[in-house]
There are 2 protein chains.
Amino acid sequence: MTVREALENLEALEAKMYAHRHAMSLMYYDAMTTAPTGGSEARGRALKELSREDRAALIDEKVRETLLTLDAARGEISEKAARQTQMLLEKLQDAERVPADEYVKAVTIRNRAETVWHEAKAKSDFDMFAPHLEQLLEIEKRLALYRRPDKDPYETCLDRYEKELSISQLEEFFAVLRAELVPLIQAVGEKPLPKDITGTFPVAGQRLLTDRLMALMGLDRRYCSVGETEHPFTDGFNKWDVRITTHYHEDAVLSSLYSVVHEGGHALYELGVDDDLQFTCLAGGTSMSIHESQSRFYENILGRSRGFMSLVDGMLRDIFPEEMKEYTEEDVYRAANRSLPSLIRTQADELTYALHVMIRFELEKNLFDGSLRVKDLPGEWNRMYREYLGVEVPCDREGVLQDSHWSGAMFGYFPSYALGSAYGAQMLHAMKKTVDVDACVSRGDLAPVTAWLKARVHRFGRLKKPAEVLSGAFDGESFSAGYYVRYLKDKYTALYGL
Amino acid sequence: MTVREALENLEALEAKMYAHRHAMSLMYYDAMTTAPTGGSEARGRALKELSREDRAALIDEKVRETLLTLDAARGEISEKAARQTQMLLEKLQDAERVPADEYVKAVTIRNRAETVWHEAKAKSDFDMFAPHLEQLLEIEKRLALYRRPDKDPYETCLDRYEKELSISQLEEFFAVLRAELVPLIQAVGEKPLPKDITGTFPVAGQRLLTDRLMALMGLDRRYCSVGETEHPFTDGFNKWDVRITTHYHEDAVLSSLYSVVHEGGHALYELGVDDDLQFTCLAGGTSMSIHESQSRFYENILGRSRGFMSLVDGMLRDIFPEEMKEYTEEDVYRAANRSLPSLIRTQADELTYALHVMIRFELEKNLFDGSLRVKDLPGEWNRMYREYLGVEVPCDREGVLQDSHWSGAMFGYFPSYALGSAYGAQMLHAMKKTVDVDACVSRGDLAPVTAWLKARVHRFGRLKKPAEVLSGAFDGESFSAGYYVRYLKDKYTALYGL
């Protein structure tokens, strides 16, 4: 096979895989926003078949030869083609290393575990889920060892979401957070809790607010739509078709507002990837935590800043003049930054959020190295919530069974949430060297901020590895949790007068 | 290949084709309801690839052997497998008869023609579209001759939408309609036009009306959702996931109401197909006109009847008490049955609708047999509208350029709209032998009507050929336009006191 032929084959493979990805993502998006509930099993049949076809498109002798030909010629081909080759080859080899019967077994265990988890959560019954979690851990450890026989299985799991992230790096990261944030949270807890924005905010008005927020963020509605769903998420098929979602609660106007800003941050990443990476495996975010760094940058760093809240205050007063009469601009700012240790990760505030993640990381690590047994998991969960957050877990539904991740065997995913926040804080530090972020936000002009992020992060998609992207976004510095801790300390010290 | 192996291959082929169909239909549905406008080109890439894969799944040596093996064994296999084999073999042979370069050429011409048609319609400029229509006619005639060298090309086109329908049958059908309906329409035209329902009906209330209508029709929301779009349509992925759509006009409350009832009729067909035909080529309606017979049965025969309008009147008064104050129940019934010859097919009333179709059939037939040249088409269009409907066509946008069908090479599609109405009227005649339709509708119980249609039409999907289904639904009688003419004459004579 010549290099030219191999490049043509690569293009054909990418076209096929793009079509499958687009179709499967759309089925997921539709299921979460629009589809009638009764169609899930039938949709499952179509998804299973498309995913089978997608696997067959990659695990193929000709594809293997194509990728090996290009890998050998990586000095002669474009940076883009070389990176595509590398990513697809990794994916192929990863799939090839796992015996087919083990792969099928893992899918079966996961499917069953997901079903049982839903029921166990509804009944708040961990014992029901425990044997499935044991099976999941066992098979995922085995799969990890097939993939990287020389590596700690948990590290292999982490690697799926965050390339080349080691357990010890994370231990160090969370140790800093624990040491610095636990006392800060305690100090904040001794101060009076700011009042919340209560009252009824009709959905029609909240939809107008979404329009204004998306305009403020520069989200072009020709390429980015907004849907409604139970748990907001973002899906990007390509840079001309990105979907954010939100959920309107009439009694909690800030809830949808922050869903829109968070998901809008994810969307800006997808919308900002270079044109010529589209329809290939290089479109989209380079890692889970860097994706999360963008959403959290908009949601927290910009979105809960004083300048941003002043703009939001104006919008709220404009759309809901009656409902807003009893609140000052200061009330709105402080309500957006209420901090209170709580039980549920997805509802946690900016300050306490990382500790929820830290607890999950510790538990996953201990489950994988055998120092924690599944039957002891709920007790350990509850103990850690008491120790780090000072809250008592009343039942497993609001404790160990709250997240879906483990039932889907997504071990190693959680740390990316906390890393994303920390990356964002360090990007802010680098950005401030050339952009007057506060001034931009105050005058409602987010374009310079987004342009900076696009130039350093978005445009590369997966062309550059996470470490390379971070290096550019940190102005050459290496990652340090210190920026994140500093950011939180400064913000909360001022807010709560510590 | 053994018969058992062939049956397994058939199942695998159907699973694959189902997945492609589901994915492509969903992309279409999403594009029409939700997708941001800027994503159409990118979606086109995915659609092109999936359609290529779908073609490749069918046009394959092993598939050919599978289908021929099953065809030879049709005495030993199930009725279902035999019918699947027959339909897929027809599709395969149909595709194989067209040379690949001619097929690609046709797709290219169609794509260009569709783009030009949009612009030509906007500018009301037929000359712009004319050369493309000439190319379309030329290539479609050639394709038809590849497919059936011994058959009139227009008949081959008709056959794509309505198996075994001949030109002479349609000529006879439309001759009856012309002779009977033209004088009836003229007589109605001499009577005063009933008043319309005017005023403003907020969308929120119309959405409630949709809920009530869907409940009345027995459309289970677990399996049938309703979306909003520009031009309403129905899409059914399988019987557990059917999507109807509507368009709310605040100044025309009956418009969305009849979209919901019409699309609901299509949906009941899809929802009523037997379980064991799902995920195969036998799920869905057996022909375009039989599908249309179901939608028009609900929309017109039931939906514009006195009993149904009495129910609708109650709903309208309930939801819009203020807006409805100035109308009586009789006003509502008569407004739903206003008849007035007009220019636009999709807005035509029940009585004049079939003549719009007749004109298109005559013109298509003459374009295909060469007796009409493309350059003379607008003049001929306008002459026929004057002669049969008594209206002057002011411009091509409201005349010959109004429909998208020709730009997509869907020659032979139009007749199914009129046939559907006529089939519905004959089904009503057969149904009335055992079901007191008027009494059922008056008491708001459509279940016996739907059950009759399900037993005679819906459940078979494509397991039975159109002619077999019609024979069952007509109680063994052959088709006669007389039932349709009688139905219209009786209804409009009473309504307008002729």
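**Helix packing in chain B**

Mentor: In this predicted model, α5(B) passes α6(B) in a left-handed crossing. The two elements are helix α5 (residues 100-123) of chain B and helix α6 (residues 126-147) of chain B, whose axes come within 9 Å and cross at roughly 150°. Because angles over 145 degrees count as roughly antiparallel, α5(B) is roughly antiparallel to α6(B). On the side of α5(B), the contact is formed by E102(B), K105(B), A106(B), I109(B), R110(B), R112(B), A113(B), V116(B), W117(B), E119(B), A120(B) and K123(B). Their partners in α6(B) are M128(B), F129(B), H132(B), Q135(B), L136(B), I139(B), E140(B), R142(B), L143(B) and Y146(B). Sorted by class, the residues of this contact comprise 12 nonpolar, two polar and eight charged.

A second pair in the chain may be set beside this one. Helix α11 (residues 288-302) of chain B packs with helix α18 (residues 447-456) of chain B at an angle of about 155°, and their axes are 12 Å apart. That angle makes α11(B) roughly antiparallel to α18(B). The crossing of α11(B) and α18(B) is right-handed. From α11(B), the residues Q294(B), F297(B), Y298(B) and L302(B) take part, and they meet V449(B), T450(B) and L453(B) of α18(B). Five nonpolar and two polar residues make up the contact of α11(B) with α18(B), and no charged residue belongs to it.

Definitions and conventions. Residues are numbered from 1 along each chain as its sequence is written. Chains are lettered from A and ligands numbered from 1 in the order in which they are written. This is a predicted model: local features need pLDDT of at least 70, side-chain atom pairs count only at pLDDT 80 or more; totals for chains, interfaces and linings use all residues. Side-chain values use heavy atoms; hydrogens and water are left out. Axes are lines fitted to C-alpha atoms, for helices over the stretch in contact, and angles run from 0 to 180 degrees between N-to-C directions. Helices (H or I, at least four residues) and strands (E, at least two) are DSSP runs, numbered from the N terminus. Angles under 35 degrees count as roughly parallel, over 145 as roughly antiparallel, 65 to 115 as roughly perpendicular and the rest as oblique. A crossing is left-handed if the near helix is turned anticlockwise from the far one by less than a right angle, and right-handed if clockwise. Contact means heavy atoms within 4.5 Å. Ala, Val, Leu, Ile, Met, Phe, Trp, Tyr, Cys and Pro count as nonpolar, Asp, Glu, Lys and Arg as charged, and the others, Gly among them, as polar.
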